[in-house]
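Please open the structure in a viewer and keep the sequence beside it.

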Amino acid sequence: MIAKIEKLARDLRAEYGVAADRALDRIRAATLDTAELIAKSKSPVRKIADTGLKINRISHKGVEKLVKSQVSFVEATIDDGAKRLELAARADSFRALVGDQIATIPASRDRTVTNARKTINVVKGTGDELGGVLKGTIDELQATVTASAKSARSLVAKQAAEAEAAVRTTIAETEKAV
């Protein structure tokens, strides 16, 4: 009788050992799947970094255009001031002086309006370009997150099903042994 009990104990230990090995194998597989899923999370980080670099280039290019535009405007203003001084120096009467100064106003106004339009166009173009980069990045990140979430959900469902099957198998084998 003692020999039968010892044999039963050995058999149970062996069966539980096999069940434990299967459970460990499933845990290892689940861990590897999880590690792979986590490794995929580097992609959004790279995308965000690349977007930051693109935004930096676009904004620097926009600032460069603005500075060049403003330099051109300041140079034109200086030229305009020099022209007004020259006209004032050559005027032979006060009436001619005032008339010459008034005559330069439309050209000065046109230059100022043109500069304002150039500035607005540069700012608008830079904003549009930044918006396009950000929209594209957001769309890509949403797609990545959605795909990752689906992948994670299916991984969790698969692991839960495998764990449930392992528990059922172990329970069935235990009931059979007893």
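**Before selecting**

This is a predicted model, in which local features need pLDDT of at least 70 and side-chain atom pairs count only at pLDDT 80 or more, while totals for chains, interfaces and linings use all residues. Residues are numbered from 1 along each chain as its sequence is written, and side-chain values use heavy atoms, with hydrogens and water left out.

**Stop 1: the whole chain, coloured by pLDDT**

The term pLDDT denotes the predictor's confidence in each residue, from 0 to 100. The protein chain has an average pLDDT of 84, and 96% of the residues score at least 70. Which element has the lowest mean pLDDT? Helix 1 (residues 2–39) does, with a mean of 75, whereas helix 2 has the highest, 91. Helices here (H or I, at least four residues) and strands (E, at least two) are DSSP runs, numbered from the N terminus. Where pLDDT is low, the predicted coordinates should not be read in detail.

**Stop 2: helix 2**

Select residues 42–90. Helix 2 comprises these 49 residues and reaches 72 Å from its first C-alpha to its last, close to the 72 Å expected at 1.5 Å a residue. The expected span is 1.5 Å times one less than the number of residues.

Ser43 lies in this helix and is partly exposed, at 38% relative accessibility. A distance drawn from the C-alpha of Ser43 to that of Phe73, 30 residues apart along the chain, comes to 45 Å.

Which residues of helix 2 are buried? They are Pro44, Lys47, Thr51, Ile58, Gly62, Ser69 and Asp80. Buried means under 20% relative accessible area, exposed over 50%, and partly exposed in between (1.4 Å probe, protein chains only).

Next, select Lys47, which is found in helix 2. Lys47 counts as buried because its relative accessibility is 17%. Residues up to four places away in sequence aside, Lys47 touches Lys54, Thr137, Glu140 and Leu141. Contact means heavy atoms within 4.5 Å.

**Stop 3**

Gly125 lies in helix 3 and counts as partly exposed at 35% relative accessibility.

**Stop 3: salt bridges**

Side chains of opposite charge can pair when their charged atoms come close. The structure holds nine salt bridges, each being a side-chain nitrogen of Lys or Arg within 4 Å of a carboxyl oxygen of Asp or Glu.

Select Arg111 and Asp80. They form a salt bridge whose closest N and O atoms are 3.0 Å apart. Arg111 lies in helix 3 and Asp80 in helix 2, so the pair ties together parts that are 31 residues apart in sequence.

Then select Arg90 and Glu86, whose side chains meet in a salt bridge (3.6 Å, N to O). Being four residues apart in helix 2, they are separated by about one helical turn. Arg90 is exposed at 65%, and Glu86 is partly exposed at 43%.

A further pair to select is Arg109 and Asp110, joined by a salt bridge at 3.7 Å, N to O. Asp110 is partly exposed, at 42% relative accessibility.

**Stop 4: a nonpolar patch**

Show the surface and select Phe94, Val98, Ile102 and Ile105. These residues make a nonpolar surface patch of about 400 Å². Patches are made of residues with over 30% relative accessible area and no salt bridge, like charges being joined within 9 Å and nonpolar side chains (Val, Leu, Ile, Met, Phe, Trp, Tyr) within 5 Å. Ile105, which sits in helix 3 (residues 94–177), is partly exposed, with a relative accessible area of 42%.

**Stop 5: Ser154 and Met1**

Finally, select Ser154, in helix 3, which is partly exposed at 45%. The C-alpha atoms of Ser154 and Met1, 153 residues apart along the chain, are separated by 50 Å.

Terms used. Areas by Shrake-Rupley, 256 points an atom, 1.4 Å probe, with all protein chains shown as cover.
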